[in-house]
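Subject: Structure handover

Hello,

The structure we discussed is below, followed by notes on what was found in it. Please read them with the model open.

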Amino acid sequence: MTNIKDKLLDRSNVDEYIKISGLYKTFQTKDCSLQVLKGIDLTVRKGEIFGIIGFSGAGKSTLIRCINRLEEPDSGSIKIGGVDILKLSKKELLEKRKKIGMIFQTFNLFEAKNVYRNIAYPLEISGVSKSEIKNRVLKTAELVGLSDKLKAYPGGLSGGQKQRVGIARALITKPDVLLCDEATSALDPKTTLQILDLLKDINKSTGITILMITHELDAIRYSCERMAVLEDAQIIEVGRVRDIFNNPLSRTGSLFARVYTEFQQIPELENGAGI
Amino acid sequence: MSLLDSSFWEIIKASFAPDIWFRLAPAILETLYMTALSSFIMLVFGLFLGILLTITNPVGLLPMKIIYAVSDWLINCLRSLPQVIMIILMIPVARLIFGKSYGTNACIIAISATCIPMYARMVEGSLLEISKGKIEAAKSVGSTNFQIIFRILLPETLPSLIRGFTVAVITIISMTALAGLFGAGGIGDIAVRFGYQRFQHDVMFASVYVLTAFVQLIQWLGNFISKQILKKRNLI
Ligand SMILES: Nc1ncnc2c1ncn2[C@@H]1O[C@H](COP(=O)(O)OP(=O)(O)OP(=O)(O)O)[C@@H](O)[C@H]1O
Ligand SMILES: [Mg+2]
């Protein structure tokens, strides 16, 4: 109880749980340098599911990968709960990463390990005891609905099941933040819905903050309350999903909204006449 | 018995005579010994060098320009030497270590010097095959580089590492036969002494059977193991 009270007292820490400011990132290639992030400012509230949308190449993956420093930004700051991720030493970063889960479009499971060992891996490298690992793996597997697949290898799983393993692996260390890089983009609509439901359930039951990047507006409309639009390396709109959707100010925002509503309104789509 | 005065078929029949196999038995043991020890040395140092090349690579886990450039250069140098030249070059080294420049142990040095760089390249090739995503997933849960190498990189690429090792061991077997020319003993030595110098082709035939059987067996074993692993992982 006191815990929740403390958190409520410090409103700023709740409203600005993740605070990204002035983030720049340039990729150096042989003949040119490509500025992928140009001064990103973004705040995410504790416990919310926040969506970032943008067209291919806008810099979404780069932005989210800066948060756990899979990518090193050139300058700026990324604070999570007041701690600047970019100032952490190597050792501190490894510890911090255990508190920032990540799931991927291509799942990135370890094919040499069965489902149990995939989920257990983050604990195995942290020196947690075998019995404790077993305890938590069984619990997490049940949470994501994989209890009957623990002995299977990723090679024999469907896309939806693979992503469940990915989610379990990301959650086993009880992180505060979950980064989703196109987590549902490789899945069919029904499986997408199941995975989004799972993420929403987890968000509700654990209060984990989820940052979701995608180019599927549906996914954001379904699960997020607030979102940002990324275009040409900059955040050009932030706000409630409903507002951006109904009254987009930016080109990308309106394009997404238009594509979405137009697709809904074309009756031919239903019987394939549009082909 | 020689091809000069006997028919092919007679020599084949003669090559199964017990006295030939009695003569061959110690040579088989020598070849096995040379192959096993060289393979072990190659595995240890080849793996080490291959891992070093992979992680110090400019796009690797721990880019280190100088170490990468030096080991890359050194491996290329060693690999540019033909096996015969390597055997001759290693004679003084063997004398330094074992006090004599011929014999089974002396040749293991030359074989290792040839095969370690070769296997290192194979290991490098296998390790670079791993998808970037798996490494990132491992990083994202806070793995150290050490953990990534030994818990992800090596297990994930194991089938490919085994296939490379199989090819490398077969190269070692053929090199032990060559080393026979330089006093290493073994099956190669028998084939040269009896088949080439004394025209006892039945003996040479027998040694060919043994070498062929070795190579077939090892290739089969390598394929079998890597296939079993892939099957277990549901990848084939
Ligand atoms: N390692 C890299 N080296 C050079 N350029 C890169 C690198 N990673 C990304 N880029 C470039 O940065 C830009 C943004 O890439 P990013 O992956 O962040 O886009 P994205 O918004 O995630 O796109 P998508 O929706 O297709 O995943 C692209 O133009 C890409 O080519
Ligand atoms: Mg992307």
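To begin with one residue, Lys134(B) counts as buried, at 9% relative accessibility (buried means under 20% relative accessible area, exposed over 50%, partly exposed in between, with a 1.4 Å probe and protein chains only). This is a predicted model, in which local features need pLDDT of at least 70 and side-chain atom pairs count only at pLDDT 80 or more, while totals for chains, interfaces and linings use all residues. Residues are numbered from 1 along each chain as its sequence is written, chains are lettered from A and ligands numbered from 1 in the order in which they are written, and side-chain values use heavy atoms, with hydrogens and water left out.

The partner of Lys134(B) is Glu111(A): their side chains meet in a salt bridge at 2.7 Å, N to O (a side-chain nitrogen of Lys or Arg within 4 Å of a carboxyl oxygen of Asp or Glu). Glu111(A) lies in the loop between β6 and α5 of chain A and Lys134(B) in helix α7 (residues 132-140) of chain B, so the pair joins two chains. Helices (H or I, at least four residues) and strands (E, at least two) are DSSP runs, numbered from the N terminus. Glu111(A) is partly exposed, with a relative accessible area of 28%.

Now the interface as a whole. The area buried between chain A and chain B is about 2,100 Å² (the accessible area, with a 1.4 Å probe, that two parts lose on being put together, summed over both). Carbon and sulfur atoms give 57% of that area. On the chain A side, Glu111(A), Ile125(A) and Tyr153(A) lose the most area to chain B, and together they make up 24% of what that side buries. The contact (heavy atoms within 4.5 Å) takes 23 residues from chain A and 20 residues from chain B.

Across this interface the rule finds 3 salt bridges. It also finds 9 residue pairs in polar contact, both residues at pLDDT 80 or more (a pair of N or O atoms within 3.5 Å; within protein, one must be able to donate a hydrogen and the other to accept it, and residues adjacent in sequence count only if both atoms are side-chain atoms). In chain A, α4 (90-97), β6 (100-104) and α5 (115-124) each supply at least two residues of the side that touches chain B.

Over all chains, the structure holds 16 salt bridges. One of them pairs the side chains of Arg65(A) and Glu71(A) at 2.8 Å, N to O. Arg65(A) is buried at 11% relative accessibility, and Glu71(A) is buried at 15%. These two residues and Glu136(B) are linked in a network of salt bridges.

Within chain B, Arg121(B) and Asp72(B) form a salt bridge at 2.8 Å, N to O. The pair links distant parts of the chain, 49 residues apart: Arg121(B) is in helix α6 (residues 104-129) and Asp72(B) in helix α3 (residues 65-79). Arg121(B) is buried, with a relative accessible area of 19%, whereas Asp72(B) is partly exposed at 22%.

Lastly, Thr176(B) sits in helix α9 (residues 158-179) of chain B and is buried, at 2% relative accessibility. Leaving aside neighbours within four places in sequence, Thr176(B) is in contact with Thr31(B), Met34(B), Thr35(B), Ile111(B) and Gly185(B).

Regards
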